[in-house]
Amino acid sequence: MAELQEFWRWTEYTWHHPEMDWRKGKRLAAGIDVGSVSSQALILVDGEIYAFSNLRTGSNSPDSAHKAVNGAMKDTGMELSNLKYTVGTGYGRVNIPFANRAITEIACHARGANFMAGPKIRTVLDMGGQDCKAIHCDERGKVSNFLMNDKCAAGTGRGMEVMADLLSIPIKDIGELSYQVDQEPPPVSSTCVVFAKSEALGLMRSGWSKNMVLAAYCSAMAHRVSLLLGRIGVEDQFFITGGIAKNPGIVKRLEKELGIESVKTKYDSQIAGALGAALFADTLLQKGTQ
Amino acid sequence: MIANYGYKDGSGEFFIAIDTDKCNGCGDCVPVCPPRLLEMAADEYDPLSEKTVAAVREEERKKIKYTCAPCKPASGRGALPCVAACEPGAIAHSW
Amino acid sequence: MEDGKIKGKAMVLSGFDQEESAREALEQALKEAGLAREAIGIIVTTGNGRKAISFAKGDVTEARAAALGAVFLYPTARTVIDVGAEESRAIKCDATGKVLDFAVNEKCAAGSGAFTEAMARALEVPLEELGPLSLRATQTIPMNAQCAVFAESEVISLIHSKTEKADIARAVHDGLSSRVVAMVRRVGLNTELVLIGGVAHNPGFVESFKRTVGLDDVRTAAEPDFVGAIGAALAAAE
Ligand code: SF4
Ligand code: SF4
């Protein structure tokens, strides 16, 4: 399991702007996203990205939040007390002692995606290890329609892990292997992960290769996500964040099913939540000082 | 904004959609719901708005199919209390 | 069944080939009845694979078979609750076993016996022991996950935090029974209940079910797995 989960975690890193001098800035605002697997902190100076970090979540939210914000401030001489406003988001958002406010990740993801990919972004899909969020937003990054599915493991990274485990395939290879088939098989018919597991075993008994089963499962998952997106209305332009964004086995099939390509940006899609939180912090800071 | 509370699982799609632009904050839907699924709260999804709107309580969001079951008999279903109580028509159920 | 009396019955686990499984069950039942295949006037199937059996003359839905079978065995039964491995259903019926209304939980393992199977695996106890284990619980703990997959992780973290397995087992049954009872409420709850299907063997589930519906006693079919087959035989006789 340890190795499987590795897929949802990314290399830890921190970054700060090499030329900008934060001491000259007037508004220092931070966003902290404490997720179940990774945590990010992002600092805006006068509304511009100054520094960020992307680290593993530790055993508790307050520590993870401290670690993340200290990571972003590393080698900058900045201290926690310099931050004028901090917004927490993510599943650990209510447990960040130094945050001025907690805001849901749905609102933050939309706002962050709007900054990263531009005001034309209308649909944001965030597929994580434990949930799947579909968001429709306006040109200012304000949420206009959303849904979050964290009840059912099907359609989350978790469902994929279960399948990888069953087939004893490292989860990072799934995307590639799922395309090594002579022809695309029909999707697995059971949505439920528990029943899909039995179905997969049955398919293997009837002679399907592991890769075929993977392909059938990936396309079932892509189909399921496209139905979820249908509920909130999917529009060009479309942006994908979260761990699944890095699994071509699902992303490419989903793009094909929707007939739309997702927008790629120069930013790491994992910082969308922290960026959105920092943007809200910046806005709230301006509101407060008016 | 349309907030879809609920989920989709193997057995179907179960969402209570609340249109926060239509919701006038009156709170009429809260007391009529027998299991008290709904509450009035600050709009979590629009942090810059000051409005209080109806929402499905967080701890109920993963089981609405079951909690709403008594309001939705297998046959002879009447109007849902929450939907009927909402004058501006802000509440809709997907099932 | 002959002139309304049961002559023989058999149960086999459904294999990959449903036709093969059905044939095997039929042969065993014939043996028990001491009858030859030719003595059977008509064969009717029910259940998940009911359409896949080529030697049958007809088929009836699970709900109809369950209602017919339950009313045959327990003439006062008006609500039949069938909790099987893959789905569960609540059926309201009249004195003749005619289905008046029904609701079903399907295609999600969280609402059927598959849920207890997965949880027994996570708890590392044999399925048959899960029920007796939960009867030894001393506390009621909540279980948040509403999905069999997420519930598995929850069970594992409860074990890590040193929660008694008996208490976890009770939480598992409480979770399943709250979902089953919700479905029963969709057809209307009355006291003339009969519990059938494989999960009715599980005393832990029956106990939780009673607590959830608030009844002191709930009738459980003596041989809960056969009620559907009896119903199919009755339909065949008609
Ligand atoms: S359908 Fe399966 S995977 Fe989804 S909630 Fe139900 S048990 Fe979990
Ligand atoms: S349908 Fe009934 S239980 Fe469900 S939200 Fe409306 S009033 Fe409440």
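**Chains C, B and A of the predicted model**

The cover over the buried residues of helix α8 of chain C includes β1 (44-45), α2 (62-73) and β6 of chain C. Here contact means heavy atoms within 4.5 Å, and buried means under 20% relative accessible area, with exposed over 50% and partly exposed in between (1.4 Å probe, protein chains only). Helices (H or I, at least four residues) and strands (E, at least two) are DSSP runs, numbered from the N terminus. The model is a predicted one, in which local features need pLDDT of at least 70 and side-chain atom pairs count only at pLDDT 80 or more, while totals for chains, interfaces and linings use all residues. Residues are numbered from 1 along each chain as its sequence is written, chains are lettered from A and ligands numbered from 1 in the order in which they are written, and side-chain values use heavy atoms, with hydrogens and water left out.

Helix α8(C) spans residues 227-237, and its buried residues are V227(C), I230(C), G231(C), A232(C), L234(C), A235(C) and A236(C). Strand β6(C), residues 193-196, also pairs with β3(C) in the parallel sense over four bridges; two strands pair if DSSP finds at least two bridges between them. In this pairing V194(C) of β6(C) is opposite V80(C). On strand β4 (residues 88-93) of chain C, I91(C) is likewise opposite V80(C). The pairing of β3(C) with β4(C) is antiparallel and comprises five bridges, and a hairpin of four residues connects the two strands.

Strand β3(C) covers residues 79-83; five of its five residues are buried, so the strand is largely enclosed by the rest of the structure. T79(C), I81(C) and V83(C) lie on one side, V80(C) and D82(C) on the other, and both faces are covered.

Chain C as a whole contains eight helices and seven strands. Its radius of gyration is 19 Å, close to the 18 Å that the globule rule gives for 238 residues, so chain C is as compact as a globular protein of that length. The radius is taken over C-alpha atoms, and the rule is 2.2 Å times the number of residues to the power 0.38. The C-alpha trace spans about 60 × 35 × 25 Å along its principal axes. Buried residues account for 52% of the 238 residues in chain C. Of the contacts in chain C with a separation of 6 or more, 66% are between residues 24 or more positions apart.

Chain B has three helices and five strands, in the order β-β-α-β-β-α-α-β along the sequence. The radius of gyration of chain B is 13 Å, close to the 12 Å given by the globule rule for 95 residues, so chain B is as compact as a globular protein of that length. Its C-alpha trace spans about 40 × 25 × 20 Å along the principal axes, and 49% of its 95 residues are buried.

In chain A, M20(A) is located in the loop between β1 (13-16) and β2 (28-34). Apart from neighbours within four places in sequence, M20(A) contacts V45(A), E48(A), I49(A) and Y50(A). A65(A) is 45 residues from M20(A) in sequence and 24 Å from it in space, C-alpha to C-alpha. Another loop of chain A, between β8 (132-137) and β9 (143-149), holds D138(A). D138(A) is buried, at a relative accessible area of 16%, and touches N114(A), I121(A), R122(A) and S144(A), residues up to four places away in sequence not being counted.
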